[in-house]
Each structure stands twice: as structure tokens, then as C-alpha cells.
Amino acid sequence: MLGTCALALPALAAEPTDADILTNYANIALAGYEDSLATARALDAAIEALIATPSDATLTAARDAWRAARPWYQETEAFRFGNPIVDDWEGRVNAWPLDEGLIDYVDASYGTESDENGLYTANVIANPAITIDGETVDASAITPEFLSGTLQEAGGVEANVATGYHAIEFLLWGQDLNGTGAGAGNRPATDYSTEPNAARRAQYLGAASDLLVSDLEEMVANWQDGGAARAALAEQGIATILTGMGSLSYGELAGERMKLGLLLHDPEEEHDCFSDNTYVSHLHDAIGVRNVYLGKYTRLDGSVIEGASLSQLVAGKDAALDSELRGLLDDTVGKMQAMATRGETVEKYDQMIGEGNDEGNAVVQAAIDGLVAQTRGIERVVALLALDDVTVEGSDSLDNPDVVFQ
């Protein structure tokens, strides 16, 4: 009887190897960037339709396609920070905040100059020649090459964001001039038909969209078999997963993208500030962090990529810690979902962080607290695995908030 019972017991699962975990991690990265590329191509098609036939309907369709693309890209942000190839590339597709006066016309309230940026109101769409570092630059043809090679971070200023999702967002919505009041950007469709510089505006939007597609094609190739990012994992090890999880959770999302804007009650610190889509992007960042820990990703087509995970490795060494971190990750996603639900039913993110909005502020702070708590769990996993090459990025907004007001 004892022998029979012993044979009937389930075999203990073998602890996954680092190589198995990294292979599944890379497979999820590849799938995530493929889905980002597919939705960027759909966005590109919608933009081509807008350019061909500007109307309220084609502008709305392009905006809808932009919104539809954002969640898939945001879930890939968990691959930042720990993967140098991704970090070196990321600014081309998701850099923010941007000085939109570089690109197009802005409201008078924007001002006319900045001590930090000589191109603050360069308005390349209206000007076929601009001056960069004292040199006259031919801007007569707005091509992907011009945007990426000349205008992006022109003059060495990071706020000169000329490419990526947020440049496209600005060209679809225009400035959000509502402060912490209701309403997003409200660019008219006539900006692409009868308004001044319509043809150059369309040229810029088309070039930026083409460039987004080609940039994502590059990153898909990096994660395919034999790709540079996948190959680099062998040297980077599983520390790269925890670096990405911790830095996105803490310094980037909880700090720079959320706490800073909440401290200042400043809608200009909103990540998707033109479209009022920020709560969606933040939610999918949190989902992306959970994905890489669990080693599981649900694709655009509904299929699931799943395999050896960091969670399984931790569970084999300390089941309680694994359970704790999974609970913390779920808690954060739940708080982000509550924020997103509020965004759909009550008020947008820029209103939530407004001064005097105690209830909205509390919803945002709860999500920040969740991110901070899960970061502490991530740090406990780093200690359990005795990894000495994990650095979690900080943020003055969390670590030294007095500096923010100086």
C-alpha cells in the first residue's frame, strides 16, 4: 500500500534552468514586439487613409488605431532597462515628454522660447529651413531619414522628440489645452486638408508612421533566433529580468510617470498627454511586468506564450516569497485597473492628478503604492537569488521629493 501510494504522488516539477527561463522570456519579447508591429501597421494604414481623404471619420479612425496600438507596445516596456539593445532603441519610439513646438503650431500659452531648447518653437512643419546649433538645415523634405537623423534630439536636447508614438499622438490630437479640466486635444481634420501647411503636416505624419513601423521591424528582428537581443541574454542572465521589472516599476512608472505629476498636479507630466490615454498605458506597463515574472503572455490573436518562468525558479527556493510577489503584482494590476475604470467612467488621468481632487489623487497614489510594494518584493527575490548585478533605477519624486519643487 505504501509503495502504491508513493507511486501515485505527483512528481515534483524540476526547477527550471536559467537557460529555459531566458528562452521563454525571449519568446515573449518576440511575440510582444510582433504584436506591437502588427498594430503599428494597422495604425499606418489608418494614417494613410487620413492623408488620402482627410475627414472627421478618417481622423477618428486613425486616433482609434493609435489607441489600439498602445497596450501592446506598453507591455513590452518590461524588456527595457535590463536589455541595453532595447534601451538604446527605446527613445526612438516612446520618448516623452516632447516640446511639441518643434513639430507644429502651438497655442500662445505655450510661450515662444525656452532657455533649455533653442528649437522650442521651431515648427518644422511651417518652415522648410530651420537653424540647429547655428547652422541652417534644409527641412524642405520631411522624410523618415530627416526625422530620425536630423530632428530627433536635435541640438542634443532630449525634449526634441520628433519620432515615435508621442509625435504621432500630437499630430493626431494636437495640444490638450484643458489643463486639469475635461477634454483631450482637439486637432481638426482640416489640418490635413485646407489649413496652412496641410501638405507638410501630412508629410510629417506619414514619415513618422513609416518610421515607427520600421523601428519595430528592427526590434522584432533583434528577438528572433540569432537576433542580437536574444543572443545577448546568454551573458546578461536572469538579472536582466529583475532589472527590467524593478526599474520600470519603481523609478520609471511609479516615479517619473506618476508621482512627479501627482506632486506637481501638472497635466504636462501625463504620459499620453494629448490623447488622455495615460491610464491605459500605465495599466499595460503593470501587466507587462507581471507577464515577465510569470513567463506568460496573451497575444493579440488570443493565443498564449507560456513556459519556464522566474516565478517557478523562486517558488522552488522559497514558495512563500513567490506567492507574496505574485500577490503584489496582482494587487498592482488591480489598482491600475481601478484607475483605468475611473478613467473610462468618471474622469481622465490629468483630472485625477489635479490639485484639490482628493479622490482622484488617492486612486493614483494607490497605484503608485502598489508599484513601490511590488518593487520591494522584487528586491527580496534579488536577495534570494544572490544576484549582485541588479540595479533598480530610482526617482527623486519618490526618494527625494523636496528636489522636485526646487
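Three cavities of 30 Å³ or more come out of the count for this structure. It is a predicted model, so please take everything here as computed.

I'll start with the largest cavity. Its volume is about 50 Å³. Trp96, Pro97 and Leu98 are part of the lining, along with His166 and Glu169, and then Glu268, Glu270, His271, Cys273 and Phe274. By class, that lining has five nonpolar residues, two polar and three charged.

Next, the second largest cavity, which holds about 40 Å³ of space. Which helix gives the most to its lining? That is helix 2, residues 18–52, with four residues. The lining as a whole consists of Ile21, Asn24, Tyr25, Ile28, Ile241, Val292, Gly295, Ala308 and Ser309.

Now to a helix pair. Two packed helices are described by the angle between their axes and by the distance between those axes. Here the pair is helix 5, residues 144–151, and helix 7, residues 198–223. Their axes come within 8 Å and cross at roughly 80°. That angle makes helix 5 roughly perpendicular to helix 7.

And which residues meet there? From helix 5, they are Pro144, Leu147, Ser148 and Leu151. On the helix 7 side, they are Tyr204, Ala207, Ala208, Asp210 and Leu211. In the contact of helix 5 with helix 7, seven residues are nonpolar, one is polar and one is charged.

Note on methods: Residues numbered from 1 in each chain as written. Predicted model: local features only at pLDDT ≥ 70, side-chain atom pairs only at ≥ 80, totals over all residues. Heavy atoms only, no water. Axes fitted to C-alpha atoms, helices over the stretch in contact; angles between N-to-C directions. Helix = DSSP H or I, 4+ residues; strand = E, 2+ residues; numbered from the N terminus. Parallel < 35°, antiparallel > 145°, perpendicular 65-115°, else oblique. Contact = heavy atoms within 4.5 Å. Nonpolar A, V, L, I, M, F, W, Y, C, P; charged D, E, K, R; others polar. 1 Å grid on protein atoms, 1.4 Å probe; cavity = no way out; pocket = protein on both sides within 12 Å on 5 of 7 lines; lining within 4 Å. Points joined across faces, edges and corners; volume = space filled by probe spheres on them.
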